[in-house]
Structures are given as C-alpha cells and as structure tokens.
Amino acid sequence: MSAYHKPVLLAECLEALNLAPGRRVVDGTLGGGGHARAIAEKIAPGGILIALDQDADAIAEATKTLADVSDAVSVRLRQTNFAEIAGAVAAEGIAGVDGVLLDLGVSSHQLDTADRGFAFRYVGPLDMRMNRDDSDTPTAADLVNMLPEAQLARIFFEYGEESRSRRIAAEIVTRRRTKPFVTTEDLVDAVRGTMPLRTRAGEIHPATKVFQALRIAVNKELEVLETALRGAASVLAPGGRLVVMSYHSLEDRIVKNIFAELSGKRVETDLPDPTPRAEPILTVLTKKPVAPTDTETRANPRARSAKLRVAERRG
Ligand SMILES: C[S@@+](CC[C@H](N)C(=O)[O-])C[C@H]1O[C@@H](n2cnc3c(N)ncnc32)[C@H](O)[C@@H]1O
C-alpha cells in the first residue's frame, strides 16, 4: 500500500458502494488513489471511474496508482473541488452514476509534507491550502495576519473547540503588530505563549486544535461539504449509493443533517419554523455511523475518528 495515504474503512466502503462490473462511480476525494484503485478493480471490466481532487499532488500520485487498471476501466481524473461534482459528471456526458465516495479531510501526504504547512510538528510555510494552484484562496498565514481578533477567536472556538480561543487570538494580534506570521513555527510559538509553562504528559500538542481550525477555515471545508452532498445526491441514478466518511464532529453533523433533510426527516434546527421539506430523494442506510474496528485503529491511528454514513438514491 502506498505511503501517500492508507485508505480507511476500505472493505466497508466497497460494500456500501454496492459495486459490480460496468458501474459508474465518482471518487470525490482521490488522495493517493487507494480507495479508487479498489473501486476500479470491482467495476472492471467496462466501468467508469470519475476521480476528483483539488490537490495537484493527489492527481499526480493517483495517476500512477491507477495506471495498470486503466485498460479495464475508463478512468477520468480531474483536479477540481468536489463542490463541483454535478458539473464534473455532466462534463463527462454521464446522466447518472451508481456511487459516490467522499473521504473527507486531508491525506497523510498533505499532513506529513512540511512545505504544505498543515502540521505543527514540522516547520514550513503557514499555507494549508489543499489547492495550491488557486492563488485567490488566502493561506493560513493570510488569515492569521489579516482577520480581526474576534473572527480568529470564533474560528478557533467553533472549528477547533479550543477553550483558549480568545486568549490565543489576542496573542496572535499582539505578535503580528511587530512581525507577520510566516511559518508553522511562528504559530506554534504564539499558541505556546498563551499556555502555562508546563504541559502535562499525555496531553495533546497545544497547537493541535488551532491548526485543525485554521485548516477548516482556509479550505472552507464545511461550506463546500454541504454543496457537495447536495450535488452528489443529485447525480446519483436510482439505487445509487452515497458513501461519506468524516473525521470531525462538525462534518459528521452536516452529513447527518443533509441526509436527514434529503430523506424527508426532521432536521435539527434552532429555528422555530423549519422551511418546508422537498420531495425526499434519499433513503439513509446507516442508522448509526460505521466506525473502524480496534484492529484497524491500531494498525492506522489516523482512522481513529472516522465515521461512515451511507444513503441510497430513491427510484
Ligand atoms: C482523506 S484523503 C482521501 C484519501 C483517499 N481516499 C485514498 O485512499 O488515498 C482526502 C483527499 O480529499 C481531497 N479533498 C478534500 N477536500 C476536497 C474538496 N473540497 N474538493 C476536492 N478534493 C478535496 C484532499 O486534497 C485529499 O487528497
């Protein structure tokens, strides 16, 4: 298996997608192509695999991973955001697909490559964009150097559940007055500057939540997820399966709520008068999310927080 990324819940995803030769499947989060390759083997011969990733590194890696299955299956790789899934399927001239897989978040390659700036444990530019070809997307350094203090605090609190969010935002604003943030180390130092001198053994790294929150903000992960889920449901043929793996409670809540809404169930809302429901187009197949076994988590600690939900397109 490639060192780029070890696929999570692989057998469970393949089963949930209900694959057979000739089927048409979208992998919206190609990464190193681990899931995609296993899907390709199941839909060969004659299947169509549309594979999307917004990161050019993933497209390059998966091109290699999929090279020797591309005789038996039609592989269509595209560097794009999965929010564009409906357009990507239409551009291939396909009216409906039999399955969509979304394996959310970042790959091990992204996390472990210092110059991507995702990880507090490596020194690199404070970047965190999954799509580095999009020069319009502000980097993590841009957000940290430019956003108002209250907005930074809100990002750390909402996306990272960081209880020291205000204190950390204040420290950042004080520091950036004299020197802009450039590297991951600058941010780690600022977070450390707000902590008591000694952290206890076994505690998570003090910058973990701040890094996670910034990554979600830079890539607008929650906003694009909602668009992608609606787009994915719309491109499924009757009986087609939508399989989504999330690694963060906010993501899982969005998946659960959109599945509920599109299957005609009541949606959790703070509003007293929910908007009228549209005709249901999905049936939810997972009452509770599927989680990895202890064996998988021991072999691949990054699988730890995975939650898999599955829905089927109605006829
Ligand atoms: C967890 S990895 C997927 C790993 C993959 N299943 C494998 O087996 O190697 C998530 C991938 O999705 C991509 N990604 C995340 N959000 C995306 C988005 N909004 N649009 C397109 N790709 C996205 C990331 O760049 C990353 O390569």
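Predicted model: local features only at pLDDT ≥ 70, side-chain atom pairs only at ≥ 80, totals over all residues.
Strands β6 and β7 run antiparallel and are joined by three bridges. In this pair, T283 stands opposite E312 of β7.

Is β7 enclosed or open to the outside? Seven of its seven residues are buried, so the strand is largely enclosed by the rest of the structure. A residue counts as buried when 20 or more other C-beta atoms lie within 10 Å of its own.

Seven strands make up an open sheet with mixed pairing, and their order is β3-β2-β1-β4-β5-β7-β6. At the edges are β3, residues 74-79, and β6, residues 282-284, each of which pairs on one side only. From one strand to the next, the twist averages 15 degrees.

Further along the order, β1 (residues 24-27) and β2 (residues 48-53) run parallel and are joined by four bridges. V26 has I50 as its bridge partner in β2. Across the sheet lies helix α1, residues 10-17, which spans β1, β4, β5 and β7. The angle between α1 and β5 is about 160 degrees.

Next comes the ligand. Which residues come nearest to it? Of the 22 residues around the ligand, these are P7, T29, G31, G34 and Q54. Helix α2 (34-43) and strand β2 each contribute at least two residues to this shell. Sorted by class, the shell holds eight nonpolar, 11 polar and three charged residues.

The last stop is helix α9, residues 184-192, where T184, L187, A190 and V191 are buried. Seen down the helix axis, the buried residues of α9 fall within an arc of 125 degrees, so they line one face of the helix. An α-helix has 3.6 residues a turn, so residues three or four places apart point the same way. What do the buried residues of α9 pack against? Their neighbours are the helices α6 (140-146), α8 (165-176) and α10 (208-218).

Definitions and conventions. Residues numbered from 1 in each chain as written. Pairing = 2+ DSSP bridges. Axes fitted to C-alpha atoms, helices over the stretch in contact; angles between N-to-C directions. Contact = placed C-beta atoms within 7 Å. Near = placed C-beta within 6 Å. Nonpolar A, V, L, I, M, F, W, Y, C, P; charged D, E, K, R; others polar. Buried ≥ 20, exposed ≤ 12 C-beta atoms within 10 Å, placed from the backbone. Arc of directions from axis to C-beta.
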